[in-house]
Each structure stands twice: as C-alpha cells, then as structure tokens.
Amino acid sequence: MPTENNPMKSAIDRRLSALCVPDDMAQRIQAAAQKKRPRVIRFRRPLAVAAVFCLVLACSMGVLATTVPSAQNLFAIVGTQISSMLQPIERSCTDNGIETTVVAAMNDNDMVDIYVAVKDLEGSRINERTNLADVQLSGIAMTPMVQMVQFDEKTATATFRIEGVCGEDLNGKKITLSIGAVLLGRTEWSDQNTGISVSDIETVFPSPAFQPITGNATRTTVGFSDSGAPFNGDQALVPAESDGSLDSMFPWGGLTSGGVADNALHLQLKYSAVGKYAQFTQVFLMTGKPEKDEKLPIHSIDFGKCETRGGSQYYEYTEYILPLPQGADPEKLTVAYSGISYEDAVLGKWETTFRLESVSRQRVAHVELNIGGWHVTQVELSPMGVSVTVDDNGSSDPLPEILAYDKSGAPIPVNGSSSSWNGTERICKNQFTSPLPLEQISRVTIGGVEIDFKN
C-alpha cells in the first residue's frame, strides 16, 4: 500500500547493496577520477521521459533580506545562525505559472547546498507532495540530489534543498541551476503486491519471443548474484499483443510483453506519460508470504530510444528479469513493487545563473588512524557535514562510522552517507540534515575514536 511518510531508505539501501555497474560505465568513472579528485558518486536509475519544453521565461534579481517572503521562510527553516552563513542569491524565474526562486547557497570542500523556493502563481498546484525533476547544475559531473525541506501552507511555498558535488573547484565561478519539470501528487509505494502471479503472466504471454538489443542500453543487477540464474543482457522481449489486463500493472506504466524463459520471469515495461518521472522503482517477486524473498536477485535492462534531459538519461523500455526460486509454485509467486510515483508534471524551463562564493569555514585534521581494515588520513568538518579520507586498500570491512555531536552530547542527524574514490583514496561524507555552526559541534568520532581539530 502507499506510504506517504516512508522515505524508503531501508528498502532502497537493501536493493542497491549489491549494485553491479556496467563495465563501460566503471571505466569512464575511473578514467575521470584520475584527472581530478572526485567527490560523491551516486548512481541513478535512468528513466524515460517525453521531450517537451516550454520556453516562456521571465527572470528577476533581488537582495536577500528579512522582508523577502522566500528569505523569511528559509530563515524559519534553518534558523538565524545558519542564515548568516548562507550566500544570498534571491533570483527568480517563472514558467507556466510557477515561480522558482534561488534564495541562498552554501558550499564546502565537497558539496554545495542550494535552497530553492517554489510557488504556484496561478493556482494551488504546489503542496507537500511536490518534487523537482530534470535538475542540472553546471560545473558538476553528477546529477544533483533534490529534497523538500518544508512546505509552508500559509504562503503555499515549497522549499527544496538541491545538493551538488562541487566545492573549492567552483570558488568564485558562475554556475547555472536549471529545472525541467515540477512533479505533482507524489505517492510512495513500499512492497506493494500486485496480486498478479507468474502463472497469470504465462497465461497472457504463453510464448515469449526475444530479439537482440540495438542502440543504447544500460544493465543493472541488484541482490544476490550467486544463484546461478542465467542473465543474457544482449537480448530483450519482442513487444507482444495482450488482453489489456496488464496495461496499468504498475503506477508508472504497464507491460508490453512478458513471459517465462530459462527459469526466469521477464517483464517488459513501458512508462506512462507521467510514470516516466517515477523514482527508485523496483520490481520483485513475493513467495506467497507478506514479505519478499531478499535472496532473489533482480536483473534489469533499460533500452530503446534514449533521451537526455537535465543530466539524466531516459529510456523507452525497462525489462526486468526475475529468476524463479527452485521448486516454487508459479501460482503462488506474485509480482510486487516499490517506488515513488507522481500524478502529474508541469514541464518547463526554470534557469538561474549566479556566482558561487568561496567554501564555508571548516576545520581539518590530518591523522594516522587504523580502524578495522582502513587507514584514515584526513577528517574535514564544515557546517554542512563531515568528510573522512581513507586509503583505498581494497578492504572489505565496513567503512568506519562517522559521528558528530552537538553541545548537549547528542549525535547530529545526517541527511545521508556517500563515498567516492580517486584510485588510491576513498572519501566518505556524512551530510547534516541541516547546516550547523561549527561552534555548536562539540566533537567528532571516527570508528569510536575522537578527532582532535587543533585549529
């Protein structure tokens, strides 16, 4: 069933824990890493989307002040102490009746946080179920991450934090933030059972046919890969006629073909117009129990017409290959899914260019710590979070736990953890849920060892 308050983090983490990156993608990332030190590397699943642009554009510039509504909202979110550390931007852009205002920004040696206020000037389309898509930030290699931090009912304004990988390389340089779609009516689905069994799929598609994949394609394997199940990433199902019962199998689209071959269930999906913006979509099997079988691997191929918008690639088709457990009854194996879907999308082009200031104040500790199988060499603390550099010695041990504490001694909440590498070092980053003045951070521990910041 849909879960409005479930961030799906645990489900996504479990599904991505054994993500296999295609060889060509890994080589490109490694080659780029040798040229300059990268930071956070995140892999996003490509989705399909139609190419529609409305270029009715109007931009204006202002000064961040407590009299500006968007600034007032941001001050209420982050507090006056944090607002004093933010770089004021206050530039607005309007398209299709929706106004986006880049209110302020903050950056450290790893990331930039950009706060954007979104307001509907023509109605009430914006609410707490709104999101942004096709977001691009110039000067960075990876697609930015987007998170709503507040929806103000009184002003009907949604405030988003857009997180990009940049840091000191962009000090004093102009950057451009562009948004291609405002998504409406967000719903989160967690372990939703369709009630459609493998036997039902076989009835609709009794004789699946395959064809070679031509053109662009990406391949992903998630979950345990030691089951010995066959996975041919060079072919896909031929779209087939059906009785229409599976045309809306998922909230973001329906099946164009399916069937069982080589002891695996194949499901070929084509996204609906709005479903093309679905996020973190996963399709898997349930074995007649309330919970899914975590030991079953999931293979998928994205292929067909490929379009790039906002730094993301969108494919026409996705095909899931789900190996069948030995001895399982096809009538008791049902198809389930998790993901985030949207009811509608407003397409347009919201674009703002501004000059990014130098990195925010931070502390750096050069250390020599051996924790588990890792050798820690540097710890950086900024108002945005903690970065830890370790030698990339190929250790299979878990990375050291990174904790920062406030003045009361309580652990500071984090927005998430991520890591990057440059061939010899791995950089682990914990970003705070909200920026925090350095004076309010009492101490930092790495793997239980307290770090001494002499400066």
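Predicted model: local features only at pLDDT ≥ 70, side-chain atom pairs only at ≥ 80, totals over all residues.
Let's start with a pair of charged residues: the side chains of arginine 443 and glutamate 450 meet in a salt bridge, with N and O 3.8 Å apart. By salt bridge I mean a side-chain nitrogen of Lys or Arg within 4 Å of a carboxyl oxygen of Asp or Glu. Side chains of opposite charge can pair when their charged atoms come close. Arginine 443 is partly exposed, because its relative accessibility is 32%. On that scale, buried means under 20% relative accessible area, exposed means over 50%, and partly exposed is in between, using a 1.4 Å probe and protein chains only.

Residues are numbered from 1 along each chain as its sequence is written, and side-chain values use heavy atoms, with hydrogens and water left out.

Now, back to the strands. Strand β26 covers residues 441-446, and two bridges join β26 to β27, the two running antiparallel. Isoleucine 446 stands opposite valine 449 in β27. These strands belong to an open sheet of three, in the order β23-β26-β27, with antiparallel pairing. Which strands are at the edges? They are β23 (402-406) and β27 (449-450), each of which pairs on one side only. For the terms: two strands pair if DSSP finds at least two bridges between them. Helices (H or I, at least four residues) and strands (E, at least two) are DSSP runs, numbered from the N terminus.

How many salt bridges are there by our rule? The count comes to eight. One of them joins aspartate 234 and arginine 219, at 3.9 Å from N to O. Aspartate 234 lies in the loop between β11 (217-222) and β12 (235-237), while arginine 219 is in β11 itself, so the pair ties together parts that are 15 residues apart in sequence. Aspartate 234 counts as exposed at 54% relative accessibility, whereas arginine 219 is partly exposed at 30%. Another salt bridge links lysine 349 to glutamate 351, with the closest N and O atoms 3.8 Å apart. Lysine 349 is partly exposed at 31%, and glutamate 351 is partly exposed at 30%.

Next, please find threonine 130, in the loop between β4 (111-120) and β5 (131-137). Is threonine 130 buried or exposed? It counts as buried, because its relative accessibility is 3%. A polar atom of its side chain lies 3.0 Å from the backbone nitrogen of asparagine 127. Leaving aside neighbours within four places in sequence, threonine 130 is in contact (heavy atoms within 4.5 Å) with Arg125, Met148, Phe160, Val182, Leu183 and Leu184.

What about cysteines? The structure holds zero disulfides, a disulfide being a pair of cysteine sulfur atoms within 2.5 Å. Cysteine 306 is partly exposed at 28%, and cysteine 428 is buried at 5%.

Finally, let's step back to the whole chain. Its secondary structure comes to five helices and 27 strands. Of the 455 residues, 50% count as buried. Among contacts with a separation of 6 or more, 73% are between residues 24 or more positions apart.

Conventions
Polar contact = N/O pair within 3.5 Å; in protein donor to acceptor, adjacent residues only side chain to side chain.
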